[in-house]
Amino acid sequence: MTSELADRFLALHNADRPLLMPNAWDRGSAVMFESLGFDAIATTSSGFAATLGRLDGMVNRDEAIAHGAELAGAVGMPVSADLENCFADEPADVAETVRLAADAGLAGCSIEDYSGLEGDNIYDAGFAAERVTAAAEAAHSGGRTFVLTARAENHIHGRDDLADTIRRLQSYQEAGADVLFAPGVRELDQIRELVASVDLPLSVLVLPGMPSVSELADAGVSRISVGGGFAFAAYGTATLAARELQDSGTYEFWKTASVGAKAAHDAFGH
């Protein structure tokens with residue numbers, strides 16, 4: 001079944017419209033997104049960390065793999081894991097993370113070229129490509145399908161160097177990735193340039209003020225991610241509800257809560 005889900009996940013990147021892939025932060029949100037008709041989901045490192053009372057980058061590999069396995073076991077659709085930098089610097093350790101993810105029943109995972117909180121830097125481009133090569137070999141070992149998304153993190157970490165991002169994505173394509181991702185690139189002309197520069201499906205992270213789904217579709221985008229957006233929208237709604245109770249002593253939050261209650265009933269009542 002895992003292979004079938006991975007095959008389906010890869011095929012969804014070559015449809016006539018972008019794959020809208022929400023990022024679930026717990027078992028309930030995964031089941032709810034499935035009930036709402038999405039075709040695949042991803043985990044979110046920041047959203048999952050928040051459920052543990054931590055910030056992004058403060059979850060370890062065992063926790064992330066177990067979380068991905070829990071979500072994959074909760075739904076009948078493909079689940080891709082946000083595995084940050086695969087919790088390792090060295091290619092051999094990256095490969096082990098990918099093998100663990102594949103064995104956990106996931107349909108795919110991502111690998112970033114940002115070293116994480118401790119190193120706080122973007123890997124050298126050549127070394128980053130070596131890491132993707134190791135990840136791809138592990139993902140595709142034995143001829144299996146396991147969708148590897150290689151991420152160029154420049155723009156989400158304040159390095160607005162589109163030419164370097166393009167070179168990195170091209171090198172990750174050559175290294176064996178299945179999908180390419182450059183979170184933080186916002187402008188439609190830049191997104192079009194990314195699409196035109198590579199041959200693999202391109203994923204984007206949607207952020208405030210970015211082009212609409214239809215505009216991104218016209219630009220050739222294959223997948224749209226919300227990152228931690230839905231998770232923090234839920235936290236934001238809870239914060240506003242709590243402030244209303246504290247500050248005004250009113251209960252207007254039940255208008256939104258009733259929508260959530262119905263969605264939960266519909267999703268969990270089967």
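**Close-up views of a predicted model**

**View A. Met58 and a nonpolar patch on the surface.** Met58 belongs to the loop that lies between helix α3, residues 45-51, and helix α4, residues 61-74. Together with Leu55 and Leu117, Met58 forms a nonpolar patch on the surface, and the accessible area of these residues together comes to about 330 Å².

**View B. Ser222 and the residues in contact with it.** Ser222 is placed in the loop between helix α9, residues 213-218, and strand β9, residues 223-225. With a relative accessible area of 12%, Ser222 is buried, because the limit for that word is under 20%. When its neighbours within four places in sequence are left aside, Ser222 is in contact with His13, Pro18, Leu19, Pro201 and Leu202. In the case of His13, a polar atom of the Ser222 side chain lies 3.4 Å from the backbone oxygen of His13.

**View C. Strand β5, covered on both faces.** Strand β5 consists of residues 108-112, and five of its five residues are buried, so the strand is described as mostly covered. In a regular strand the side chains alternate between the two faces of the sheet. In β5, Gly108, Ser110 and Glu112 are on one side, while Cys109 and Ile111 are on the other, and all of them are buried. Strand β4, residues 79-81, runs parallel to β5 and is joined to it by two bridges. Ser80 has Gly108 of β5 as its bridge partner.

**View D. Glu84 and Phe87, found in the loop between β4 and α5.** Which backbone angle is positive in Glu84, although this residue is not a glycine? The angle is phi, which has a value of about 50 degrees in Glu84. Phe87 is not a glycine either, and its phi is likewise positive, at about 60 degrees. Glu84 is placed in the loop between strand β4 and helix α5, residues 91-103, and Phe87 is also found in the loop between β4 and α5. Is each of these residues buried or partly exposed? Glu84 is buried, because its relative accessible area is 13%, whereas Phe87 is partly exposed, because its relative accessible area is 24%.

Terms used
Residues are numbered from 1 along each chain as its sequence is written. This is a predicted model: local features need pLDDT of at least 70, side-chain atom pairs count only at pLDDT 80 or more; totals for chains, interfaces and linings use all residues. Side-chain values use heavy atoms; hydrogens and water are left out. Patches are made of residues with over 30% relative accessible area and no salt bridge: like charges are joined within 9 Å, nonpolar side chains (Val, Leu, Ile, Met, Phe, Trp, Tyr) within 5 Å. Accessible areas come from the Shrake-Rupley method with a 1.4 Å probe; for residues, only the protein chains shown count as cover. A salt bridge is a side-chain nitrogen of Lys or Arg within 4 Å of a carboxyl oxygen of Asp or Glu. Helices (H or I, at least four residues) and strands (E, at least two) are DSSP runs, numbered from the N terminus. Buried means under 20% relative accessible area, exposed over 50%, partly exposed in between (1.4 Å probe, protein chains only). A polar contact is a pair of N or O atoms within 3.5 Å; within protein, one must be able to donate a hydrogen and the other to accept it, and residues adjacent in sequence count only if both atoms are side-chain atoms. Contact means heavy atoms within 4.5 Å. Two strands pair if DSSP finds at least two bridges between them.
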